[in-house]
Amino acid sequence: MTFDIQPKHLQNEWIKLIPLHENDFEELYEVANDPLIWEQHPNKLRYQKPIFQNFFEGALQSNGAFFIKEATTNEPIGSSRFYDFNPETNSILIGYTFIARKFWGNGYNKALKKLMMDYAFQYVDTIYFHIGAYNIRSQKAIEKMGGIKIDEFEVEYYGEDSKLNYIYRINKDQ
């Protein structure tokens, strides 16, 4: 089996992941146009349309980005992606995730990460997460799921300056 980093069938009782397409910009920007979503992210200005446009372009070019929608209502929730698959280390990264505040703290983020990890662990042994150094909310969430902080380094985002990120790891055998 080949690891498809943008499968078309990922869904659970909470969410469905739809491969991101160019025509999703306006609908996804409606979710992203909230400064409080981005207050702990490395680029706090992603709620601004031109800056979000750059983020969106990077998502499309990754070939692993998803539009997250609520499973029963089809309501837009946010976006996440698989990226940097490494066959030598048998690993993948999950990140660039944001979800609407309406969906914070009520199981959607956990359902998203579980869905993505369950899929990826069919193909890889290790999943890494780059989380902004000041994104305490995401750091705590990944730690609750078993993520272990293993390093810190500057990540250069698509078309943006590099920012300090923490690297978390979850192994298949955990």
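A: A residue is termed buried under 20% relative accessible area, exposed over 50% and partly exposed in between, with a 1.4 Å probe and protein chains only. N43 has 13% relative accessibility and therefore counts as buried. The model is predicted, so that local features need pLDDT of at least 70 and side-chain atom pairs count only at pLDDT 80 or more, while totals for chains, interfaces and linings use all residues. Residues are numbered from 1 along each chain as its sequence is written, and side-chain values use heavy atoms, with hydrogens and water left out.

N43 lies in the loop that joins helix 1 (25-32) to helix 2 (49-62); helices (H or I, at least four residues) and strands (E, at least two) are DSSP runs numbered from the N terminus. Beyond its neighbours within four places in sequence, N43 is in contact (heavy atoms within 4.5 Å) with W38, I51 and E160.

As for the setting, the protein comprises four helices and seven strands, in the order β-α-α-β-β-β-α-β-α-β-β from the N terminus. Of its 174 residues, 51% count as buried. Among contacts with a separation of 6 or more, 62% come from residues 24 or more positions apart. The C-alpha trace spans about 40 × 35 × 30 Å along its principal axes.
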